[in-house]
Amino acid sequence: MKHLIFILGLFLTVPAFAAASAEKTEAGHPEAKPYKKKAKASKNVDAALARALAADKRVLLVMGANWCHDSRGLAGWFERPRFAAMLEPKYEIVYIDVGYRDRNIDIARRFGIKEIKGTPTVLILSPRGALLNPESAPTWRNAASRDEDDIFAYFDQFTPEL
């Protein structure tokens, strides 16, 4: 009987362990899920721009979805202490849920991106709302598997508008 209970216990813990493992990036850190379907995305962007202008920061719009491994992976990198220490004084970060590239696309268009080709699409804006990375904004579809130092250097390179 003890063996049966032990075996049954193993079967019950394996799915939980597998689910927890599935929530890790290739780099081994947890994936965040910051994309909120019901968030007031346009208002959040406007508020971030106002805060950025007052604090001489940039705005980082991360247009993605919680279903997307790379969107969650990039957000997970941003939560790591090394990234948080670099990003916090330089950026106002807004996570924008784009669904299956069918929601909040007007925000991308507002800043010159005609369509969301993949997720995440990452827009870096000056404090006055100028798009600073038009060429590289749609290139983050492999964010979860990119090199940590390369990601860090990319976001560290942008300076605020004076």
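How many bridges join strand S1 to S3, and do they run parallel or antiparallel? I looked it up: 5 bridges join S1 (residues 58-64) to S3, and the two strands run antiparallel. Two strands count as paired if DSSP finds at least two bridges between them. One of the partners I noted is Leu125 in S3, which bridges to Val59.

**Ground rules.** I keep in mind that this is a predicted model, where local features need pLDDT of at least 70, side-chain atom pairs count only at pLDDT 80 or more, and totals for chains, interfaces and linings use all residues. Residues are numbered from 1 along each chain as its sequence is written, and side-chain values use heavy atoms, with hydrogens and water left out. My helices (H or I, at least four residues) and strands (E, at least two) are DSSP runs, numbered from the N terminus.

**Confidence.** I checked pLDDT (the predictor's confidence in each residue, from 0 to 100). The protein chain averages 84, and 79% of the residues score at least 70. Contact here means heavy atoms within 4.5 Å. Where pLDDT is low, the predicted coordinates should not be read in detail.

**Sheet.** I went back to the strands. The 3 of them form an open sheet in the order S2-S1-S3, with mixed pairing. S2 (91-97) and S3 are the edge strands, each pairing on one side only. On average, neighbouring strands of the sheet are turned by 15° against each other, direction ignored. Helix H3 (residues 69-79) packs on the sheet and touches S1, S2 and S3, its direction making about 145° with that of S1. For angles, axes are lines fitted to C-alpha atoms, for helices over the stretch in contact, and values run from 0 to 180 degrees between N-to-C directions.

I found a cis peptide bond between Thr119 and Pro120, with omega about -5°. Pro120 sits in the loop between helix H5 (105-110) and S3.

Asp56, in the loop between helix H2 (41-55) and S1, has a positive phi near 55° without being glycine. Arg101, in the loop between S2 and H5, is also a non-glycine residue with positive phi, near 65°.
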